[in-house]
Amino acid sequence: MSSMQFLIGTLFDLYLMVVILRLWLQFARADFYNPFSQFVVRATHPLVGPMRRVLPSLGNLDTATLVLALLVAFTQLTLMNFVLGANSWQVFNPLAILLGSVIVLVNQTLSLIFWILIIRALLSWFSQGQNPMEMVLYQLTEPLLAPIRRIIPPMGGLDLSVLVAIIAIQFLTFLLRDLGLA
């Protein structure tokens, strides 16, 4: 059964990250003509497109994409429950799985932000110029890093904002674990 858990977890986690990226790209107003952004849009549009006809956006919040993210997490947890042997409908608790879906969504979002910050930091050390991937990573992370830079400006050419953001994200992740929500 652990092979099925691995497969379900990996596939759903990867797709959930792509859906979260779509929300994040919209929130950050990133360039949607960027090749990376186009991949994210194309990977999510078959499910988001029809949902948009039913679920209108609320201001800057794309409710269809947010509902899709919750549905992906809900489906993942439901399948995991069935694979683990809780295949009785008496054990199936939709409210508990919905709450678990929100927790999975928050954890995946924090994990995604963490890894994108790490990738951006590594690219800043090794990149020889601007490339499309680097540009979209900059657009995604700059709204998180700019407020930190206002408090802690670069010192001696060293920008500590990425380090502070990573520490804050790790703190939130451990806090959620300590509260029993992860």
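In which hand does H4 pass H6? The crossing is left-handed, a term used when the near helix is turned anticlockwise from the far one by less than a right angle.

The model is predicted, so local features need pLDDT of at least 70 and side-chain atom pairs pLDDT 80 or more, while totals for chains, interfaces and linings use all residues. Residues are numbered from 1 along each chain, and side-chain values use heavy atoms, without hydrogens and water.

**Stop 1: H4 and H6.** Select residues 94-126 (H4) and 161-178 (H6); their axes come within 10 Å and cross at roughly 155 degrees. Helices here are DSSP runs (H or I, at least four residues), and axes are lines fitted to C-alpha atoms over the stretch in contact. That angle makes H4 roughly antiparallel to H6 (over 145 degrees). Now show the contact residues (heavy atoms within 4.5 Å): among them are Leu110, Phe114 and Leu117 of H4, with Ile166, Ile169 and Leu172 of H6. The contact has 13 nonpolar, three polar and no charged residues.

**Stop 2: the core.** Next, colour Leu16, Leu21, Trp24, Ile116, Leu117 and Leu140, which touch the most other members of the 36-residue largest nonpolar core. Such a core joins buried nonpolar residues through side-chain atoms within 4.5 Å. H4 gives the largest share, nine residues. Centre on Ile116: its contacts beyond four places in sequence are Leu21, Trp24, Leu137, Leu140 and Thr141.

**Stop 3: Ser37.** Finally, select Ser37 in helix H2 (residues 35-54). Ser37 is buried, at 0% relative accessible area (buried means under 20%, with a 1.4 Å probe). Beyond four places in sequence, Ser37 touches Leu25, Asp31, Phe32 and Val136.

Note on methods: Axes are lines fitted to C-alpha atoms, for helices over the stretch in contact, and angles run from 0 to 180 degrees between N-to-C directions. Helices (H or I, at least four residues) and strands (E, at least two) are DSSP runs, numbered from the N terminus. Angles under 35 degrees count as roughly parallel, over 145 as roughly antiparallel, 65 to 115 as roughly perpendicular and the rest as oblique. Ala, Val, Leu, Ile, Met, Phe, Trp, Tyr, Cys and Pro count as nonpolar, Asp, Glu, Lys and Arg as charged, and the others, Gly among them, as polar. Buried means under 20% relative accessible area, exposed over 50%, partly exposed in between (1.4 Å probe, protein chains only).
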